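Subject: Structure for you to look at

Dear colleague,

Here is the structure that I promised to pass on to you. Please keep it open while you read the notes that follow.

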Amino acid sequence: MTKPTPRPQIYNLYWYYAAERQAIFNRRASGQPAPWTDDPILQTFKFCNVFRASDRVSQYLIRNIAYSEPESNPRDMLFRVLAFRFFSRPDTWDAIIDYLERQPVIDDLVDESFERALSHAKTINGKLYTGAFVLCASQAYGYGDKHLNHVALFRHMFVLDDLASQLLNANNLEEVYQLLRSYPLIGDFMAYQLAIDLNYTPEINFDENSFTKAGPGAVRGIKKAFKSIGDYSPEQVIMLMVEKQDEKFKRLGLKFEGLNGRRLHAIDCQGLFCELDKYCREAVPELISNRSRIKAKHQPNAKPIDYYYPPKWSLNSPGRR
């Protein structure tokens, strides 16, 4: 089996980016004043966190949905996690709760309460969706409005098919992915992201390194970091980065403390390739891909985050469950 051939400058940038971006996160989280880095690219442009679970929207999902009601019906909780990620806007979810005066449940799909709550959210916020994901926009269920097709999808999943019970009986992370991927309006990358979200919950608990799926941005980053990936798939390259991380940080003299000691997992290494693609648009512009610039500039969010991770990871402060 022919092994991947790195492009040394860019391959090393992957590890540099991971170390420096995580150092920025640690400095900021500890209360140090800006700037948190001397790197002009990281100062200027917006980049995701090294660990996906630390991003603002994932933090909202973990705290406000996956662990907001410990005694919640597991089937309802899985529906909420999945539905939230389709919109990925805390404002949308807050408006839904405001309308229903509680967290939504699967029965709200039956009597159309969820649909009415979304209409309420759209009225007060102007929009329902974030731009973080490019969602399939086909009228798979015959509606002109995207959100109505998604409500019909949720009804198909959780009312007609009882997907929640199938997810609860899944044997591994790939099976969770395959269950999700079998539905209209869910592509490969979205199915993987949803599987990871569900895996944050108390009810689904598989090794994040047991399965991965490279998104389009990760594939672009892999093409920049490697002259050739040989006989490896993009997913095998991602797993190779998981395996080699300690060795590579040490070789390059980079200090990487992880997330309270948590190492990079496949979902994080996948995301790092996407961020490497973005970083290279400024650092190494001669490496041309179908994306030539970074669109989003860094704008500090004044709203602090009290970071909270799935308790099963044992990363939270003592006393926080």
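R89 sits in the loop that joins α4 (74–87) to α5 (90–100), where helices (H or I, at least four residues) are DSSP runs numbered from the N terminus. R89 is buried at a relative accessible area of 17%, buried meaning under 20%, exposed over 50% and partly exposed in between, with a 1.4 Å probe and protein chains only. Once its neighbours within four places in sequence are set aside, R89 is in contact with F84, K127, L128, Y129 and T130, a contact being heavy atoms within 4.5 Å.

Please bear in mind that this is a predicted model, in which local features need pLDDT of at least 70 and side-chain atom pairs count only at pLDDT 80 or more, while totals for chains, interfaces and linings use all residues. Residues are numbered from 1 along each chain as its sequence is written, and side-chain values use heavy atoms, with hydrogens and water left out.

N125 belongs to helix α7 (residues 113–125) and, with a relative accessibility of 28%, is classed as partly exposed. Not counting residues up to four places away in sequence, N125 touches D91, T92 and A95. From N125 to L180 the C-alpha to C-alpha distance is 29 Å, and 55 residues separate the two in sequence.

Turning to helix packing, α13 (residues 234–251) and α14 (residues 266–283) have axes that come within 9 Å and cross at roughly 110°; axes here are lines fitted to C-alpha atoms over the stretch in contact, and angles run from 0 to 180 degrees between N-to-C directions. The two helices α13 and α14 are therefore roughly perpendicular to each other, a term that covers 65 to 115 degrees, whereas angles under 35 count as roughly parallel, over 145 as roughly antiparallel and the rest as oblique. On the α13 side V237, I238, M239, M241 and V242 meet A266, C269, Q270 and F273 of α14. By class, this contact of α13 with α14 has eight nonpolar residues, one polar and no charged (Ala, Val, Leu, Ile, Met, Phe, Trp, Tyr, Cys and Pro count as nonpolar, Asp, Glu, Lys and Arg as charged, and the others, Gly among them, as polar).

Helix α12 also packs against α14, at an angle of about 65° and with the axes 7 Å apart, which makes α12 roughly perpendicular to α14. The contact of α12 with α14 divides into seven nonpolar, three polar and four charged residues.

As for aromatic side chains, a search of the whole structure finds 29 pairs, rings of Phe, Tyr and Trp (its six-membered ring) being paired if their centres lie within 6.5 Å, with planes under 30 degrees apart counted as stacked, over 60 as edge-to-face and the rest as tilted. One of them is the tilted pair of F47 and Y279, at 6.1 Å centre to centre and 50° between the planes. This pair links distant parts of the chain, since F47 is in the loop between α2 (40–44) and α3 (56–66) and Y279 is in helix α14, 232 residues apart. F47 is buried at 7% relative accessible area, and Y279 is buried at 5%. Y177 and F211 have ring centres 4.9 Å apart and planes at 45°, so this pair is tilted. Both Y177 and F211 are buried.

Finally, one aromatic cluster is formed by Y60, F79, F84, F86, F87, W93, F114, Y129, F154 and F158.
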